[in-house]
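Visitor: Hey, could you walk me through this one? I'm new to reading structures.
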Amino acid sequence: IHNVIFDSSKEASLLVAHEIANLIQRKEELNEPCVLGLATGSSPIKVYEELVRMHKEEGLSFKNVITFNLDEYYPMDKDNIQSYYYFMHEHLFNHVDIPAENINIPDGKVSAEELRQYCIDYDMKINSYGGLDFQLLGIGRTGHIGFNEPGSHVNSATRSITLDHITRVDAAPAFLGVDNVPRKAITMGIGTVRNAKRIVLLAWGISKADIIKETIEGEISSQVPATYLQEHPNTTFVLDTEASSELT
Ligand code: F6R
């Protein structure tokens, strides 16, 4: 892995958006689909903003883009404004020309009986496109990527998971109280993420400084699932000054 540090998250986000746009255009010239793994949360918002701007002002097309989102709360309704389905449409999909059938987000309403097979099918669908060309990640204070909380296996697949208490506390404001935060989620696995050809992890602000230090400088361990990225051949950590402030 290597890390790049920027003065501002805005500047950093523009660079990441431009890398994604270049990949989309390169794939388009090859007449191949561009398979993107996407994250929600506060970290990628400015990346999506810039991609939308490039679509509107520079004609960047998402016609050949296929997306797979990392995760969704479980259970969760699509039209709930707290759903990641809603988030992605609000910040990206409603503003670009991606065909609706190219969008994949774990379904927070799949029944308990179907859940296991649903997760297997999600990974199979990613593999049917030859895997993810690019995976965008944020990081939780527990060291989760996607919702792969501490204890996640390096080869884990898409599955349902119990959210860590810290993760639920961090999500509490959006749900007007920790008791309203779902206890479970569906998440792509560490194995799914690590199969991506390129990974970019974003972290902004002082609240991420400790976990970024552990992730980059700590020993690889299931207790900090993001440390598994140390073994990935093409991962970049894109940080602002604050998030990088504990690195030695
Ligand atoms: C979201 C996701 C999570 C977030 C992480 C950081 O799809 O998979 O791992 O990336 O919780 O969230 P923010 O960016 O809100 O700090």
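Visitor: At what angle do helix 1 and helix 2 pack?
Guide: Helix 1 (residues 9–29) and helix 2 (residues 45–58) pack at about 55°, and their axes are 8 Å apart. Helices here are DSSP runs of H or I with at least four residues, strands are E runs of at least two, and both are numbered from the N terminus. Axes are lines fitted to C-alpha atoms, for helices over the stretch in contact, and angles run from 0 to 180 degrees between N-to-C directions. That makes helix 1 oblique to helix 2, since under 35 degrees counts as roughly parallel, over 145 as roughly antiparallel, 65 to 115 as roughly perpendicular and the rest as oblique.
Visitor: Is this an experimental structure or a predicted model?
Guide: It's a predicted model: local features need pLDDT of at least 70, side-chain atom pairs count only at pLDDT 80 or more, and totals for chains, interfaces and linings use all residues. Residues are numbered from 1 along each chain as its sequence is written.
Visitor: New topic: where is Pro75?
Guide: Pro75 sits in the loop between strand 4 (71–74) and helix 3 (84–91). A cis peptide bond joins Tyr74 and Pro75, with omega about -5°.
Visitor: Where is Asn31, then?
Guide: Asn31 is in the loop between helix 1 and strand 2 (34–38).
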